[in-house]
Amino acid sequence: MHEFRYKRNYLYCEDLKVIDLARKFGTPLYVYSYKTILDHFLKLKVAFREINPLICYSVKANSNLAILRLLVKEGAGLDIVSGGELYRAIKVSCPSERIVYASVGKTDKEIEDAIRRRILFFNVESLSELESVNRISKKLNRITNVAIRINPAVEPKTHRFITTGSLSNKFGIDFQSAFKILKLRKRFKYLNLCGLHIHIGSQITEITPYISAIAKIVNFIRKLKKERVSLEYLNIGGGLGIVYDKETPQTAQEFAERVLPLLKKTELKIILEPGRFIVGNAGILITQVLYIKSTSKKKFIIVDSGMNDLIRPALYGAYHKILPLHITPTAVQKVDVVGPICESADFFAKDRSMPKLKQNDFLAIMSAGAYAFSMSSNYNSRPRALELLVKGDKVYIIRERENYNDLIDREVIPDFLK
Ligand code: LLP
């Protein structure tokens, strides 16, 4: 599943002992495994080889340039959602014809930049956005490729904050409205309405919501064909769940076996937008125990990483395994693992059974490759962590630790206050 394993009681990332990295580079520290990222990308590629889809890695999951470059070099495309992500895609020389652009709120400037770059297509989420892309294309005298994001009204059975495919979510366009738009497509003279897109949510561990969403889309494509609306692409989004704790998500192979028969019926070029599946288990966050504090009710392990480094537990109540970098035989105790930030939501684990810990021990917060660093912040004026990429017995700094000056670099005290 991943390349973080114990050897002789020490946690390793590929061929390197993580505790050595923690001592050398300090904490909080993100460590990513090259091989784990690559393996997961290849798992999907192999599972779907029969139809050779374009796999557009979802940049938001982890947008570090080194990780993007690694995947682009392997032939991945990129799924972007902002001008900033387009900028990153350009920086890693991602070919334009491998970039797809979603988001319910693209600005005119973002749309114009992406049109100029001739990306593969926009995933358009509303009628007014469609009108904007048409207007801007006209101004630039370009025909722009567009896929309509359909909201297929399915319940993906994941955390309510990360479902996107039901009609109470802000995402996509319902079938009926999409049908009308596609029938009237000639109205949009500067658009080539060439595809459909769905993305029903994230961390989906059951296959049934995918099947029902894709089956609905396949029917819709059939209906469109009857109306002589032909398309070129079907983008089935991302969302594949991973193991954080006791989940048993579908493997890439199982997923492919179930959805391929449906996808093949469409005869369209297929796009996938996985994020978490590729990087989720490929990263860990290393932290050091600062203090151990007991109250009459609880025992707290206070560590030097906080919700600014990894907000998933605070935001979604998400579970991340926490492992010591060095195992010593000790009794188990129930503790809360908490950060130094002035918020009660600043925790990594509650009432968790952990081996007995001492001050200065190092811990690894597992499965922190996706939506971890990319959602980090400077809250409480904490510089963002250093990021390392390990490949075999080699280690590379892929983002320097921020310093105090980085925190205030853009701030200005107006003259009248001086
Ligand atoms: N495509 C679209 C249009 C998306 O909105 C997303 C994720 C993806 C692809 C990639 O989804 P994935 O394969 O990574 O599940 N911050 C949350 C997850 C938010 C997902 C947002 N959209 C978390 O930490 O769980």
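Reader: Let's start with a helix. Which residues of α6 are buried?

Author: Ground rules first: this is a predicted model, where local features need pLDDT of at least 70, side-chain atom pairs count only at pLDDT 80 or more, and totals for chains, interfaces and linings use all residues. Residues are numbered from 1 along each chain as its sequence is written, and side-chain values use heavy atoms, with hydrogens and water left out. "Buried" means under 20% relative accessible area, "exposed" over 50%, and "partly exposed" in between, using a 1.4 Å probe and protein chains only. In α6 the buried residues are E129, L130, S132, V133, N134, I136, S137 and L140. An α-helix has 3.6 residues a turn, so residues three or four places apart point the same way.

Reader: And what do the buried residues of α6 pack against?

Author: They pack against α5 (108-116), β8 (121-124), β9 (144-149), α7 (175-183) and β10 (191-197). Contact here means heavy atoms within 4.5 Å. The element names come from DSSP runs, numbered from the N terminus: helices are H or I with at least four residues, strands are E with at least two.

Reader: Where do the buried residues of α8 pack?

Author: Against α7, β10, β11 (233-235) and α9 (252-266). Among the buried residues of α8 are Y210, I214, I217, F220, I221 and L224.

Reader: Now backbone angles. Which residue follows α8, and is its phi positive or negative?

Author: The general idea: most residues other than glycine have a negative phi, and most peptide bonds are trans. R228, which follows α8, has a positive phi near 60 degrees. Just after α6, N141 has a positive phi of about 55 degrees.

Reader: What about loops: where is E14 found?

Author: E14 is in the loop between β2 (10-13) and β3 (16-17). It isn't a glycine, yet its phi is positive, about 50 degrees. S381 has a positive phi near 50 degrees as well, and sits in the loop between β18 (362-365) and β19 (386-391).

Reader: Is S381 buried or exposed?

Author: S381 is exposed, with a relative accessible area of 52%, whereas E14 counts as buried at 9%. F373, also placed in the loop between β18 and β19, is buried at 11%. Leaving aside neighbours within four places in sequence, F373 is in contact with Y30, Y32, D309, R384, A385, E387 and R399.

Reader: Which residues does the cis peptide bond join?

Author: T27 and P28, with omega about -10 degrees. P28 lies in the loop between α1 (18-25) and β4 (29-33).

Reader: How is the chain divided into domains?

Author: The bounds come from an automatic or database domain assignment. There's domain 1 (4-31 + 280-408) and domain 2 (34-277). Their centres, taken over C-alpha atoms, are 32 Å apart, and 22 residues of domain 1 are in contact with 20 residues of domain 2.

Reader: How much space lies in the largest pocket?

Author: Work on a 1 Å grid over the protein atoms alone: a cavity is a set of points where a 1.4 Å probe fits but cannot get out, a pocket is an open set with protein on both sides within 12 Å along at least five of seven lines, and lining residues have an atom within 4 Å of a point. Grid points are joined across faces, edges and corners, and the volume is the space filled by probe spheres set on them. The largest pocket holds about 1100 Å³. Of its 47 lining residues, S58, K60, V81, E85 and Y371 lie nearest the centre. Domain 1 and domain 2 each supply at least three residues of that lining.

Reader: Which helix gives the most to the lining of the largest pocket?

Author: That's α4, with four residues.

Reader: Last one: how much space lies in the largest cavity?

Author: About 60 Å³. Its lining includes L44, Y210, I236, F255 and E273.
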